[in-house]
Amino acid sequence: MIRKIESSPLQFMRKLLILFLLSSWSLQAQDKSGITGKPDTSFANYSAWRSLLKEDPTVRLTDFQSSKSKVQSSVYKVIGKRKLAVDEYAISTSRVLPALVFFHGGGWRTGHRSQHIPLAKALADRGYRVFLVEYRLSTEALYPAAMLDAQAALQWVDKRKNVGEIYVAGYSAGGQMAALLGSVQDENTYGKGVKLAGVIDIDGILAFIHSESGEGDDSKRTSAATYYFGYNKKDGEAIWKEGSALSHVTKGDPPVLFLNSGVDRMHAGRTDFMNKMAGFGIHTEYYTFEKAPHTFVLMNHWFNQVVDRMDRFMKKRLVVGTEFKTIQSAVDSARPGQEIFIKNGHYREKVFIDSLKHHLSFTGESREGVVIQESIARDIWRCSNPDDYGAGVLNIKGHDLSFTNLTVINEYGFTATKDVTIPCLNEAGKETNTTVQKYALPREKGEKEGEKIVRVDGHQFAVRTMPGATRLSFEHCTLQSGGGDTMSPWDVNTGMYYLNDCLIEGGVDLYCPRGYALAENCTFVCHNTSAAIWHDGLGDQNAKTVLKNCRFMGDLGYKLGRYHREAQFYLFNCSFDKNMADAPIYQSGDRVLNWGHRVYYSGSHRDGGDYTWHKNNTSLKAADFTFKSVFGDKWKK
């Protein structure tokens, strides 16, 4: 769906700005002396290759050949007698395939779509429909003609029945156009917007007027941008900025991949652009081919790497175990909407999923075959770091993530043989005297200022989420540690967590969600006598942890659960082994709570006989607690 904001104040102001700019331009007519009506052929693959031979006699033009892809040419736009063509490269199939709409380079004045036939064939062979687009150059029409053509090409592609998600890309001037297109689809600047899945900018600038830009120097000859706009930099400042992607970054923009040469001026404004995108939580990434010439995309030496990186960015599935050697490297490359598929293997690594990583799915080849394992004691980590980001095996700041068919093990408590005392000179090793000491940890008995006693069964996160990490689901997963807080999804204000058919094993508070949580068909294995489950609902009076059809097992005398803060528990049709102690879920500590003791049971039973405290005490049924009723409209699956 296209985000419609025509009636918003922002859209209204943008329309006023465009009208103002148009009226301003009309006061001083565009300089049309550069319009010759004849194609400029000065930039071609052969001439680009010849210019590189002096520096590297071994360089060769790309010679990719394909026996699978076919080409079909069409007319997508007619202006008077002028017909604009688009060439579609694809394998012979009527299936819906992702599309790449590509714009050639040449300073908006020269070049031809045929220069990128090898790239189109290579990507077509990998399962894309690639459209090489002809647009009016500045020898026949000035800005915004080329952008109006580019938008029309997008609209034409979008109407095709066999096209899936759409990406735009381009090289040099075409890269600049692609980046601009990606930034204006929610503004309808050059025509009705089209939903884009992503943008690939190959050595195209992001801002014409920028300290890094080389455009606009007309001292020796008229620059390409001056020809393109019909104004020099001074007289046409407004239009030069209007034609820059950096001027249009908004929260509705698609992810962007930058592929750059070693020529810095060809990515002018990239850092500022990426910083703006990061502010909106939008994924961007870049790769620089160090020492590569600007025409690297046309040359054989860099061609395969370019194709691989474009394919990796556009494909839905990133495969760990073949394409990526580590899970972290796949995470670093992933963009929203992609799946990280993890082949069977033992991955000894700590994984960080930061706040810019969202709407990703992590899928293991098999639950038993994919093992992510590390040895981490929270107390050791915190004595060298300011917070818990890194204290777990899976460390999560991102949102809207799903995990399926994985085993995650924090092995510290399984391999440590005894408690140890370590120096702890930061705040984590101090007594908690004031609320300002946000990161101070609870003191162990016998602990002194400036040290920590690291217990074998202390806090050991298999999963530790940070504030902002919400709408997380775990299905068919095994999460284990030899200590407490194995599964710790901790966002008390906005946290929403769903678990299905998971096994969670650990010590005290082995499952301890904050906010809203729903666990179905899960097994909890408890190795302590304090508590198996815990909840913190302080952020919202309606927050709750719901457990349906879950099984509890553990060491002799383990207690079911506890809470320190405001909490709300619902257990429906759960079963407890005979080792569970005759002890109800209880409040730990003496904090005064406003919302009372809220623990509810229905249809839950213990092997060998029930205790009185878990008898039915609510008229609500398991069927009343669905995914939708627990999470509401804030999370739709």
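**A tour of charged pairs and cysteines**

Start with Glu323, which is partly exposed, at a relative accessible area of 27%. Keep in mind that this is a predicted model.

A salt bridge joins Arg312 to Glu323, with the closest N and O atoms 3.1 Å apart. The two residues come from distant parts of the chain: Arg312 sits in helix α9, while Glu323 is in the loop between β9 and α10 (327–333), 11 residues apart. Arg312 counts as partly exposed, at 21% relative accessibility.

**More charged pairs**

Why look for such pairs? Side chains of opposite charge can pair when their charged atoms come close. How many salt bridges does a search of the whole structure find? The search finds 31.

Select Glu165 and Lys316 next. Their side chains form a salt bridge, 3.6 Å from N to O. Glu165 belongs to strand β5 (residues 163–171), and Lys316 to the loop between α9 (300–314) and β9 (317–320), so this pair ties together parts that lie 151 residues apart in sequence. Check the surface here. Glu165 is partly exposed at 26% relative accessibility, and Lys316 is partly exposed at 44%.

Move on to Lys548 and Glu520. Their side chains meet in a salt bridge of 3.4 Å, N to O. This pair also links distant parts of the chain: Lys548 is in strand β29 (residues 545–548) and Glu520 in strand β26 (residues 516–520), 28 residues apart. Are these two buried or exposed? Both Lys548 and Glu520 are buried.

For a group view, select Arg126, Asp308, Asp311, Arg312, Lys315 and Glu323 together. Salt bridges with shared partners join these residues into one network.

**The cysteines**

Show the sulfur atoms. The disulfide count is 1. Pick Cys383 and Cys424: they form a disulfide, with their sulfur atoms 2.1 Å apart. The torsion about their S-S bond is about -100°, so the disulfide is left-handed. Cys383 lies in the loop between α11 (378–382) and β15 (392–396), and Cys424 in the loop between β18 (420–423) and β19 (451–454), so the pair ties together parts 41 residues apart in sequence. Cys383 and Cys424 are both buried.

Jump to Cys526, which is in no disulfide; the nearest cysteine sulfur belongs to Cys512, 12 Å away. Cys526 is buried, at a relative accessible area of 0%.

Finish at Cys550. The closest cysteine sulfur to that of Cys550 is in Cys574, at 4.8 Å, too far for a bond. Cys550 counts as buried, at 2% relative accessibility.

Terms used:
Residues are numbered from 1 along each chain as its sequence is written. This is a predicted model: local features need pLDDT of at least 70, side-chain atom pairs count only at pLDDT 80 or more; totals for chains, interfaces and linings use all residues. Side-chain values use heavy atoms; hydrogens and water are left out. A disulfide is a pair of cysteine sulfur atoms within 2.5 Å. Helices (H or I, at least four residues) and strands (E, at least two) are DSSP runs, numbered from the N terminus. Buried means under 20% relative accessible area, exposed over 50%, partly exposed in between (1.4 Å probe, protein chains only). A salt bridge is a side-chain nitrogen of Lys or Arg within 4 Å of a carboxyl oxygen of Asp or Glu.
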